[in-house]
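My notes follow in the order I worked.

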Amino acid sequence: MAIETGKLTVETIQSSKINSVDFSKLDFGRIFTDHMFVCDYVDGKWQNPEIKPYQAMTFEPSARVFHYGQAVFEGMKAYKDENGKVFLFRPKQNFDRINKSAARLAMPEFPEDYFFEGLETLLKLDNEWIKAGVGNSLYIRPFVIATEPAISASPASTYRFMIICSPAKSYYNSPVRVLIAEEFSRSADGGIGFAKAAGNYAGQFYPTSLAQKEGFQQVIWTDANTHKYLEEAGTMNVFFRINDKLVTAPTSDRILDGITRKSIIQLAEDLNIECEVRQIAVGEIKTAAREGNLKEVFGVGTAAVVSPVSAFQHQGELFEVPEIEDSYGKLFKETLLNIQNNISEDIHGWRYEVK
Ligand code: COI
């Protein structure tokens with residue numbers, strides 16, 4: 001069936017695949033909902049926004065994204081409360097960031113009305129896929145790729161913007177062990193580290209696979225020049241708790257301006273927890289760990305929410321970070337999830353109801 005709603009064309013599925021999905025066993029990002037949003041940039045403008053059944057797509061082998069990695073994405077989540085209301089969390093931040101990422105990769109910015117109309121219509125169509133209850137969510141992946149079939153090394157003249165959705169539980173099932181980078185780098189000054197560019201993730205896979213062989217799940221990246229300062233983990237920003245004070249690295253052109261990160265900095269203020277945003281030397285964390293002052297390390301991000309780090313290694317020396325009773329990480333996770341799931345008051349106006 002095809003219906004015209006404003007600018008958006010909607011083609012719905014014949015029959016849903018939802019009954020074949022076991023929502024109690026979800027591996028992150030492997031199952032996708034019934035529909036997807038698609039919009040093409042052609043002749044200098046975004047046109048023909050449409051929602052259609054989730055399906056494979058055809059591109060020419062010469063499409064520029066395959067050769068030069070002109071691709072950016074976002075990670076968002078939708079939550080359902082006990083009354084069936086659906087909420088997004090600070091979605092304007094994701095919208096602004098995908099356009100910031102796109103601009104850095106010489107890609108055209110996407111219009112706000114198309115973004116919200118497409119996203120909200122998609123969530124209403126795939127509403128059954130959003131399960132109520134803290135810990136359940138629908139992970140939303142907006143992304144943009146260069147589609148022009150031409151392989152000269154220059155920006156494309158055609159692009160595709162899409163949104164796909166995947167029901168999610170937790171990203172990590174247990175605390176993560178991390179390796180602090182000494183040789184490889186994720187990003188450099190003047191580079192694309194701040195952007196949610198596909199290549200930022202591809203570049204991490206090899207060093208992360210080496211870390212995984214040593215029994216670590218992630219790498220904590222250090223500054224490319226000296227490898228002395230802690231920056232961010234592969235899919236998360238990172239916080240350290242030294243005694244009762246939190247520290248996290250400032251954002252820069254090397255570090256992703258994480259929405260969970262900035263929400264936690266605000267929650268720390270609300271909860272009267274001191275939080276310093278400043279450079280953090282690896283040596284400072286090692287000293288704190290040796291002296292028993294490093295109480296917690298946790299990564300934060302949309303997919304992972306708040307993920308405790310149970311150990312880190314640097315220059316062959318392993319530091320365990322044992323779980324503690326009054327964990328800030330747990331407190332932030334609970335506070336954030338309660339806001340996201342419409343359980344607690346939302347004093348900052350972060351919830352966005354999809355009506
Ligand atoms: C997110 O937290 O949304 C991310 O971008 C992580 C993703 C690479 C799985």
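A lining residue has an atom within 4 Å of a point of the pocket or cavity. I also noted that this is a predicted model.

**Domains**

I began with the domain assignment. It gives domain 1 (2-168) and domain 2 (176-340). I looked up the distance between their C-alpha centres, which is 28 Å. In the contact, domain 1 takes part with 21 residues and domain 2 with 22 residues.

**Largest pocket**

Next I asked how much space lies in the largest pocket. I read a value of about 850 Å³. I then listed its lining, which has 37 residues. F73, R141, Y171, Y201 and T235 are the closest to the pocket centre.

I went through the elements behind that lining. Those that give two or more residues are β8 (137-146), β9 (159-168), α4 (198-213), β11 (218-222), β13 (236-242), α5 (259-270) and β16 (294-301). Which element gives the most? I found α4, with seven residues.

I sorted the lining by class. It divides into 18 nonpolar, 15 polar and four charged residues. I also checked it against the domains: domain 1 and domain 2 each give at least three residues to the lining of this pocket.

**Second largest pocket**

I moved on to the second largest pocket, with about 430 Å³ of space. It is lined by 24 residues. I noted P175, V306, S307, P308 and V309 as the closest to its centre. The elements that give two or more residues here are β16, β17 (305-314) and α7 (328-340). I see β17 giving the most, with five residues. By class I count 12 nonpolar, seven polar and five charged residues in this lining.

**Cavity**

How many cavities of 30 Å³ or more are there? I get one. The largest cavity has a volume of about 110 Å³.

I wrote down its lining: G75, M76, K77, Y79, F89, N94, I259, T260, G301, T302, V305 and Q340. I marked β6 as giving the most, with three residues. By class the cavity lining has five nonpolar, six polar and one charged residues. I checked the domains again, and each of domain 1 and domain 2 supplies at least three residues of this lining.

**Two lining residues up close**

I picked T260 from the cavity lining. It lies in helix α5. Buried or exposed? The cut-off for buried is under 20% relative accessible area, so T260, at 7% relative accessibility, counts as buried. Leaving aside neighbours within four places in sequence, I find T260 in contact with V300, G301, T302, V305 and L336.

V305 was my next stop. It also lines the cavity, and it lies in strand β17. At 11% relative accessibility, V305 counts as buried. I looked at its backbone too: phi is positive, about 60°, although V305 is not a glycine.

**Another positive phi**

I then turned to N48, in strand β4 (residues 45-53). Its phi is near 55°, a positive value in a residue other than glycine. N48 is exposed, with a relative accessible area of 57%.

**Cores**

Last, I looked up the nonpolar cores. The largest has 54 residues. Which members touch the most other members? I noted F37, W46, L123, I140 and F161. Where does this core lie? Both domain 1 and domain 2 give residues to it, so it lies between them.

Leaving aside its neighbours within four places in sequence, I140 is in contact with E74, G75, M76, K77, A78, L88, L119, L123, I163, I164 and C165. G75, M76 and K77 in that list also line the largest cavity.

V309 is one I had already listed close to the centre of the second largest pocket.

Methods
Residues numbered from 1 in each chain as written. Predicted model: local features only at pLDDT ≥ 70, side-chain atom pairs only at ≥ 80, totals over all residues. Heavy atoms only, no water. 1 Å grid on protein atoms, 1.4 Å probe; cavity = no way out; pocket = protein on both sides within 12 Å on 5 of 7 lines; lining within 4 Å. Points joined across faces, edges and corners; volume = space filled by probe spheres on them. Helix = DSSP H or I, 4+ residues; strand = E, 2+ residues; numbered from the N terminus. Nonpolar A, V, L, I, M, F, W, Y, C, P; charged D, E, K, R; others polar. Domains from an automatic or database assignment. Core = buried A, V, L, I, M, F, W, Y, C linked by side-chain atoms within 4.5 Å. Buried < 20%, exposed > 50% of the residue type's maximum accessible area, 1.4 Å probe, protein only. Contact = heavy atoms within 4.5 Å.
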